[in-house]
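Good morning, colleagues. Please take a moment to look at the model on the screen, and then I shall turn to the pairing of its strands and to the contact between its chains.

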Amino acid sequence: MSKAVKLKKGLDIKLVGEADQVKVDSKTPSVVALKPSDFHGLVPKVILKEGEKVKRGEVVFYDKYNKDVKFVSPVSGTLSEIVRGDKRRILEVRIVVDANDEVVQKEAVDPSSISKEEVKQILLENGLWPFIKQRPLDKIADPSVSPKAIFISAFDSAPLAPDYDFILRDQDQHFQHGLNALSKLTEGDVNITVNGNGAPDKAFLNAKNVTINKISGKHPAGNVGTQIHHFNPIDKGEFVFTVNPQDVITIGKFFAEGKYDPSRIVALTGSEVENRKYYKTIIGARLDSVIGDSLTQDNVRVISGNALTGTAVGKDGFLGFYDAHITVLPEGDQYKFFLTEGWLSPGFDKYSSHRLFPTWLMPKKKRRLDTNLNGEERGFVVTGELDKVLPFDILPLQLIKAIMVNDIDAMEQLGIYEIAPEDFALCEYVCTSKIAIQEKVREGLDVIEEECM
Amino acid sequence: MKALKKVIHNLDPKFEKGGKWEKAYPLYETLSTFLFTPKHVTKKGAHIRDGVDLKRTMFMVVLALIPALLFGIYNTGHWHYELMSHLNPEEYGAYSDYLVGFGDKVIYGLLQVLPLIIVSYAVGLAVEFIFGFIRGHGLHEGFLVSGMLIPLTMPADVPLWMVGVATAFAVVIGKEVFGGTGMNIVNIALTARAFLFFAYPTAMSGDKVWKSGTNEVIADNGGTLPDGASGATALGDMASLVGDAPVVAGEVLSSEAGSAELIQKFENAYDPLHAIIGMIPGSIGETSIIAILLGAALLLYTGVASWRIILSFFAGGLVFGLLMNLIGANAYMDMPAWYHLILGGFAFGAVFMATDPVTAAQTQYGKLWYGFLGGGLAVLIRVLNPAYPEGVMLAILFMNIMAPLIDHYVVQVNISRRKKRFKTA
């Protein structure tokens, strides 16, 4: 049964630099990387050595604590370097791409004709499982649990977000194939949530064996967490799996063709980059292959993902595993004199959801925002501001405070099982006291994982 | 500007850890971040952040207090010269008119009020800096507002040393022991006022403090007020209506008189219009409803203050005032309910004190209850306990203590509602 929800709370941050709706091929990246840091809590066990050859679709590392979850190379090439950080933690596994494009070829299977266990086995063996995340905890799904539903958000409402209706155009078949595979994993429904204010692509609207829900409103309407909260909330002990639309296609293609296809259409966006288009590239691609020399200046932050939740990777960094979006913002590492551009300025260049700057009268105007913190960290003072941007029946300030004091009972009662850091990204954005709220939410989830799961 | 930026930030390394003047870092941080928003960029989480910060938020409150402050300065001057007009009718007779002697009144008001503000800020900031040095951080903005609120809640004649002591007490015991800005349980400015109210009641209440210079006039006049002069406030008179010797504006009335007669006398002495404009004696900032509402308009327009609290505070006062009317056991109870809202510190408390987000209820529904009960309690204290003619301060302090309890119940409602979703699903 499909449902429709209208959200009243939320905030759309309008930034300069949307991508034009044109799909172009990017250069083939010379290097790609798998980053264990894309997967929260993962401790990788690399099975290849530096200098070894690897085929596309061949296992590079697996999860040390869950050996069934494997990660495969998106390209054929040579494992060139394992980049390590503090305590020898693995940050990146870099693979230099070769021209042969050798692929691990498996048999094509119709997912509808095989059992749940077989589907799961195929996903695990071939590095497709990491595309499936779970709530609670917002991490790679635990293969041993049975989710009560699967949620796919058909749109992204974050600032400058890519348009999935455009990305998925003419890919209905693979998408449906992927849905068929996913529907095997749950006793419940596969839910696709489309934008109630948009014109969803037929890949979504014509999808079969799924429940299509509508949600309309401001960001974070497109967050899968918001959608789960409104359509099928998670109680303690329940699980919901979530998958990004493009990853459904990757899964679908594998079942149809028997090989791992890591291709990904990403939107290049942001005020500090030219040639803003949709680029066909691959998971883990080094971003210089997409960005080229399109940057308009040097002092920029290149983000894999969106401006609220993405990872700063630098121009020579690598595309994140789950990302279909690159944002380039100006760095804000300049002092701002208090009367002209600082805290006591008229503020025509500032954007604020608070009515303390005249710019709140022009909410539709697109802005060039930099990465300055616009203030200093303080204790919580202002109340009520977080509630306005969190369209959940959850008390954000109280939940964050429960996390800060490590009160597990309160965290559970206040709804920590329903949330992920990205759901609180807007809270972090609006916070007058500049508190790192997403980080706090993650800390809370870590405590819950350790103590209660 | 560029030169200043260069000079200041060339000093950066000297104040950083290991630098020559490392110990003075909190002072340096405060000054440099006052002049320049630092070049801190986001590290984790959201890469872009809202343009607002606590400095701007707090500054809006200070800005909102300016009308009340300006009016308070003039009002202080006026009531001084009004008293003088009784003592020396030949020279000052005309000054009993509100608009006569504007310049003299402003100058007198400035001389009375500015020192209070200077002392309040100097002592408060000094204490904050000491704690800043101990904790190794610069000044947090909370006191910018408290420093202005404290003098505005005082009678103009309060000795400067008392303001200093009260401010120090409020900042240390009211705030810093809890961890500083954002951590306090009760409102700082009201803590300062309550401290003086209980420690030095003669300086904070009675009928000799509300018109600046009353004690000097009494001394000059041989130990009593001149004929026709009165030192009481409307609230003091209101409270006296219940006792054996009702007094209105210096005129002793018969305790045999009925409610209606007493109230009529009261209304003649304290014209509601005067009270709304603020032409009545009282604490410096509290008298003018118009000036306070100007501030309220700014705070509501910018969203700094919660409309829920302000609205429900007034509603609470009105409802409990009407409740008193229903009981109607004495003249004070019979007083029209709206009178409470325009006299004393009611409006000032509702707009500037109850709305302090740190000490108020923090949930949206909680704010409604918090304001309503606060306004109601203020009226209850006024009417039922004549020993405290002004109930607003105590009501808000009490509600500060109760706010976490209110929030607790609101949170419990949220929790059980959230639980219910799973039972029905």
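Let me begin with one pair of residues: A:Phe337 has B:Phe36, in strand S1 of chain B, as its bridge partner. This is a predicted model, in which local features need pLDDT of at least 70, side-chain atom pairs count only at pLDDT 80 or more, and totals for chains, interfaces and linings use all residues. Residues are numbered from 1 along each chain as its sequence is written, while chains are lettered from A and ligands numbered from 1 in the order in which they are written.

Strands here are DSSP runs of E with at least two residues, helices are runs of H or I with at least four, and both are numbered from the N terminus. Two strands pair if DSSP finds at least two bridges between them.

How many residues of chain A are in contact with chain B? There are 62, and they meet 50 residues of chain B, where contact means C-beta atoms, placed from the backbone, within 7 Å. Among the elements supplying at least two residues each to this side of chain A are strand S18 (300-304) and helix H11 (437-452). H10(A) gives the most, with four residues.

S18(A) also belongs to an open sheet of six strands with mixed pairing, in the order S2-S17-S16-S20-S18-S19. S2(A) and S19(A) stand at its edges with a single partner strand each, so one side of each has no neighbour in the sheet. Five bridges join S18(A) to S20(A) in the antiparallel sense, and A:Val302 has A:Val328 as its bridge partner there.

How values were computed:
Two residues are in contact if their C-beta atoms, placed from the backbone, lie within 7 Å.
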